[in-house]
Every structure is written in structure tokens, then in C-alpha cells.
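This report describes one protein model, working from its overall layout to single residues. The sequence and structure come first.

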Amino acid sequence: MAHVVFGAVKIGTTGRETREDGIARLQGSGWILVRTWLFDTGAAAYRIEQTVLK
């Protein structure tokens with residue numbers, strides 16, 4: 001996600017059942033969804049997230 005005013009980007013993981021609420025909440029605060037990737041497991045998503053953060 002990106003926030004133009006803050007000049008910031010963020011990454012994160014969320015479950016499929018909770019994805020809409022979390023994304024919608026951030027969008028309501030000015031964040032723009034840039035891209036999503038779907039993974040078969042939360043563990044796979046976590047590994048990618050940690051790689052990106054490093």
C-alpha cells in the first residue's frame with residue numbers, strides 16, 4: 001500500500017477472510033492498494049514478507 005501524503009509504502013499479510021476489512025480500514029486513512037498476491041498458506045506469505053523487509 002502507498003500513502004501519497006506521508007510519502008510512504010507498507011507491506012503486510014492478512015487472511016483471505018479478513019482481507020477486505022483490513023484493506024478498507026487503511027484505505028479510509030488515505031492508503032492506496034498498489035498490489036496483492038495470494039499465497040496457499042500463511043507461512044508462505046510470511047516468508048515473502050520477511051524477505052522483502054530484509
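## Fold and overall dimensions

Along its sequence, the protein runs in the pattern β-β-α-α. It has two helices and two strands, where helices are DSSP runs of H or I with at least four residues, strands are runs of E with at least two, and both are numbered from the N terminus.

The model is predicted, so local features need pLDDT of at least 70 and side-chain atom pairs count only at pLDDT 80 or more, while totals for chains, interfaces and linings use all residues. Residues are numbered from 1 along each chain as its sequence is written, and side-chain values use heavy atoms, with hydrogens and water left out.

Taken along the principal axes, the C-alpha atoms fill a box of roughly 30 × 25 × 10 Å. The accessible surface of the protein is about 4,500 Å², and 57% of that belongs to carbon and sulfur atoms; accessible areas come from the Shrake-Rupley method with a 1.4 Å probe. Of the 54 residues, 17% are buried (buried is under 20% relative accessible area, exposed is over 50%, and partly exposed is in between, with a 1.4 Å probe and protein chains only). Among contacts with a separation of 6 or more, 56% are between residues 24 or more positions apart, a contact being heavy atoms within 4.5 Å.

## The aromatic pair

The structure holds one aromatic pair. The ring centres of Phe6 and Trp31 are 6.3 Å apart and the ring planes stand at 70 degrees, so the pair is edge-to-face. Rings of Phe, Tyr and Trp (its six-membered ring) pair if their centres lie within 6.5 Å; planes under 30 degrees apart are stacked, over 60 edge-to-face, and the rest tilted. Phe6 sits in the loop between strand S1 (2–3) and S2, and Trp31 in the loop between H1 and H2, so the pair ties together parts 25 residues apart in sequence. Phe6 is exposed, at 57% relative accessible area, whereas Trp31 is buried, at 14%.

## Loop residues

Arg16 is in the loop between strand S2 (8–9) and H1. Leaving aside residues up to four places away in sequence, Arg16 touches Leu38 and Phe39. Gly28 belongs to the loop between H1 and H2, and Arg35 is also found in the loop between H1 and H2. Gly28 is exposed, with 70% relative accessibility; Arg35 is exposed at 53%, and Arg16 is partly exposed at 46%. The table gives C-alpha to C-alpha distances for these residues.

| Pair | Apart in sequence | Apart in space |
|---|---|---|
| Arg16 and Phe39 | 23 residues | 9.6 Å |
| Gly28 and Val9 | 19 residues | 15 Å |
| Arg35 and Ala24 | eleven residues | 14 Å |

## The largest pocket

The largest pocket holds about 840 Å³ of space. On a 1 Å grid over the protein atoms alone, a pocket is an open set of points where a 1.4 Å probe fits, with protein on both sides within 12 Å along at least five of seven lines; lining residues have an atom within 4 Å of a point. Grid points are joined across faces, edges and corners, and the volume is the space filled by probe spheres set on the points.

The lining of the largest pocket has 27 residues, and Gly12, Thr13, Thr14, Thr36 and Trp37 lie nearest its centre. Helix H1 (19–27) and helix H2 (42–53) are the elements that give two or more residues to this lining. By type, the lining divides into twelve nonpolar, eight polar and seven charged residues, with Ala, Val, Leu, Ile, Met, Phe, Trp, Tyr, Cys and Pro counted as nonpolar, Asp, Glu, Lys and Arg as charged, and the others, Gly among them, as polar.
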